[in-house]
Amino acid sequence: MSGSGAAGAAAGPAPPAQEEGMTWWYRWLCRLAGVLGAVSCAISGLFNCVTIHPLNIAAGVWMIMNAFVLLLCEAPFCCQFVEFANTVAEKVDRLRSWQKAVFYCGMAVVPIVMSLTLTTLLGNAIAFATGVLYGLSALGKKGDAISYARIQQQRQQADEEKLAETMEGEL
């Protein structure tokens, strides 16, 4: 019985997907952008709720929820009294960068669609930028000039061989 428990503990959860080529400073930049995005969403959401227009109020409430979700995902230590904060943060850390990018950008676009005002645009700009940063990390590093030139040379040689074969086929 205890042997199977040890085997289950050894297998454990899969390593986080954040190890897909992100440097430590870029990872911290993304997290900092997430925290700043949460702060800007919360402040702008509060200002957005001080109105009589129902769509502005709905957008403001959505922005406050965005702020909570961003803090929960990027800085769970800020939500230490929420029981499920660490569980949610671990699950989000397992997501790939492009999944985080789609999630964060989607969360930031919804209030703008609800109520297109300067407050919603400026409040969600940093949260959207967080999604863009994660999206850029999903694209990967830019290749160096030597490997790019080698790939171009191989393509050119393949094209020349195809052209030579078609010319021989015509003769």
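In the predicted model, helix 5, which covers residues 97-114, consists of 18 residues and reaches 26 Å from its first C-alpha to its last, close to the 26 Å expected at 1.5 Å a residue.

At least two residues of the patch are supplied by helix 5, and at least two by helix 6. Helix 6 provides the largest share, with 4 residues. Val109 counts as partly exposed because its relative accessibility is 33%, a value between the limits of 20% for buried and 50% for exposed residues.

The next element considered is helix 3. With 21 residues, helix 3 should span 30 Å at 1.5 Å a residue, and the distance of 30 Å between its end C-alpha atoms agrees with this. The buried residues of helix 3 are Asn56, Ala59, Gly60, Met63, Asn66, Ala67, Leu70, Leu72, Cys73 and Glu74. These buried residues pack against helix 2, helix 4, helix 5 and helix 6. Leu71 is also found in helix 3, but Leu71 is partly exposed, with a relative accessible area of 23%. When neighbours within four places in sequence are left aside, the contacts of Leu71 are with Val35, Ala38, Pro76, Cys78 and Cys79. Leu71 and Gly37 are 34 residues apart along the chain, and their C-alpha atoms are separated by 8.9 Å.

Charged side chains were examined as well. Side chains of opposite charge can pair when their charged atoms come close. A search of the whole structure finds 3 salt bridges. In one of these, the side chains of Glu74 and Arg31 meet at 3.9 Å, N to O. This pair links distant parts of the chain, since Glu74 belongs to helix 3 and Arg31 to helix 2 (residues 24-49), 43 residues apart. Glu74 is buried, its relative accessible area being 4%. Arg31 is likewise buried, with a relative accessible area of 17%, which lies under the 20% limit for a buried residue.

Arg31 takes part in a further salt bridge, in which its side chain meets that of Asp93 at 2.8 Å, N to O. Arg31 lies in helix 2 and Asp93 in helix 4, so this pair ties together parts that are 62 residues apart in sequence. Asp93 in turn forms a salt bridge with Lys100, and the closest N and O atoms of the two are 3.9 Å apart. Asp93 and Lys100 are both buried. Through salt bridges that share partners, Arg31, Glu74, Asp93 and Lys100 are joined into one network.

The protein chain as a whole contains 7 helices and 0 strands. Along the sequence, its pattern reads α-α-α-α-α-α-α. The chain has 171 residues, of which 30% count as buried. Among contacts between residues at least 6 apart in sequence, 67% join residues at least 24 apart. The protein chain exposes about 11400 Å², and carbon and sulfur atoms supply 69% of this area.

Definitions and conventions. Residues are numbered from 1 along each chain as its sequence is written. This is a predicted model: local features need pLDDT of at least 70, side-chain atom pairs count only at pLDDT 80 or more; totals for chains, interfaces and linings use all residues. Side-chain values use heavy atoms; hydrogens and water are left out. The expected span of a helix is 1.5 Å times one less than its number of residues. Buried means under 20% relative accessible area, exposed over 50%, partly exposed in between (1.4 Å probe, protein chains only). A salt bridge is a side-chain nitrogen of Lys or Arg within 4 Å of a carboxyl oxygen of Asp or Glu. Contact means heavy atoms within 4.5 Å. Accessible areas come from the Shrake-Rupley method with a 1.4 Å probe; for residues, only the protein chains shown count as cover.
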